[in-house]
Amino acid sequence: MRTSKKLTDKVTWVGKVDWELQTFHGHEFSTRRGSSYNSYLIRDEKVVLIDTVWLPYDREFVEHLRDEIDLKAIDYIVIQHAEIDHGGALLELMREIPDTPIYCTKNGERIIRGHFHQDWNFVTVKTGDTLDIGQSQLVFVEAPMLHWPDTMFTYMTGENILFSNDAFGQHYATESLYNDAVDQCELFAEAMKYYANILTPFSALVKKKINEVLAMELPVDLICTSHGVIWRDNPSQIIHKYLEWADDYQENQITIIYDTMWNSTRLMAEAIAAGIQDEDPEVTVKVLHAAKYDKNDIVTEIFKSKAILAGSSTVNNRYLSAMGGLLEMVKGLRFKKKKAAAFGSYGWSGEAVKLLSEDLAAAGFTVVGEGQRVLWVPDEAALQACREFGRSFVRSL
Ligand code: FEO
């Protein structure tokens, strides 16, 4: 069965839409709207395959590709990024066409060799290198650490297509293919979640690379990503979103994230939220239970926030494990220009607030004050103190 979709006279989408995917990167990234692994077949005087699909779909990918074209007619394979959601079908494909040159960066060759342990015909490229394929030319642009050392973009002249690999992508399954053919709220929510959870640590490089590509003044009619939609309608809109997101993005939002054993810390969280609203009725306040709310959605809410409050009861002289897992992720994401404070209830030793404050500082937040603690269950006076804590937190921003 042929599942390909023609984009232009020369370019056909030959990827895989994965409606079933629930988590990505193992269990690090929730993908409740599935994903896609976009692969593209270019037919000019030469035939080029750009990227493949995730490893579990390697056989069906190769079978579908065979329905589309005689595999032996493929002159070149371009692997823009070796992670197995894009390079995963190489082993299966190269069984059929073992001598076909694989164009990739130097790091790409190293990583593909590390994954598959095969001595394939690698041709390494760097920024500015070109490949003549007939009427069009492919121009390669290295994009290291966006988000792996091997990542590169490929620009196709004539058709004015930027193949951007992971950049500008979303984990978003759709049969519609194009950005203007899907629900815009879903699309931008997934694009932001993808940026917040994957690209945040590389924001400085994102800005630099985008400005470098913009300076090339290449006409871009399509941005063909490796996940989710192809940007056809006003493709520069996602480029400008990325520039906005890469610039230490924040909205007028404060997010309270907590975990609680017997609800005392929850009562504190709600009182703090009320205090924030007393002081600034315009600010968006969200109160999220770290053990119940999706961790990647929490990360996206942190991404949108100008400040956060982290709360936990004390257990075994530490804070609760859901907050521990979350802060471990947040540390790696290296958010900038955000403020934070800690709070929590305790029964005897009460270390959680101090430890949370230290770890928030280690994660790059500017920690405001010593935090707020409540012994056992908060009474009305303690709740009023939490409310005032919320008010003073807003005043400190
Ligand atoms: Fe979509 Fe970094 O792989």
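Modeller: A residue counts as buried under 20% relative accessible area, as exposed over 50%, and as partly exposed in between, using a 1.4 Å probe and protein chains only. This is a predicted model, in which local features need pLDDT of at least 70 and side-chain atom pairs count only at pLDDT 80 or more, while totals for chains, interfaces and linings use all residues. Residues are numbered from 1 along each chain as its sequence is written, and side-chain values use heavy atoms, with hydrogens and water left out.

Colleague: How do you know whether glutamate 217 is buried or exposed?

Modeller: The relative accessibility of glutamate 217 is 70%; exposed requires over 50%, so glutamate 217 is exposed.

Colleague: Why is leucine 65 called buried?

Modeller: At 1% relative accessibility, leucine 65 falls under the 20% limit and therefore counts as buried. Leucine 65 belongs to helix H1 (residues 58-68). Setting aside neighbours within four places in sequence, leucine 65 is in contact with Val14, Leu41, Leu49, Leu71, Ile74 and Leu93, where contact means heavy atoms within 4.5 Å.

Colleague: What makes the pair of glutamate 60 and lysine 16 a salt bridge?

Modeller: A salt bridge is a side-chain nitrogen of Lys or Arg within 4 Å of a carboxyl oxygen of Asp or Glu. The N to O distance between glutamate 60 and lysine 16 is 2.9 Å, so the pair qualifies. This pair links distant parts of the chain, with glutamate 60 in helix H1 and lysine 16 in strand S3 (residues 16-18), 44 residues apart.

Colleague: Why do glutamate 96 and arginine 66 count as a salt bridge?

Modeller: Their N to O distance is 3.3 Å, which is within the 4 Å limit, so the pair counts as a salt bridge. Glutamate 96 lies in helix H2 (residues 90-96) and arginine 66 in helix H1, 30 residues apart. Glutamate 96 is partly exposed at 29%, as is arginine 66 at 35%.

Colleague: How do you know how arginine 113 and aspartate 119 are classed by accessibility?

Modeller: Arginine 113 has a relative accessible area of 31% and is therefore partly exposed, whereas aspartate 119, at 66%, is exposed. These two residues form a salt bridge, with the closest N and O atoms 2.9 Å apart. The structure holds 29 salt bridges.

Colleague: Why is tryptophan 348 called exposed?

Modeller: The relative accessible area of tryptophan 348 is 71%, which is over 50%, so the term applies. Tryptophan 348 is found in the loop between strand S22 (339-346) and helix H10 (352-362).

Definitions and conventions. Helices (H or I, at least four residues) and strands (E, at least two) are DSSP runs, numbered from the N terminus.
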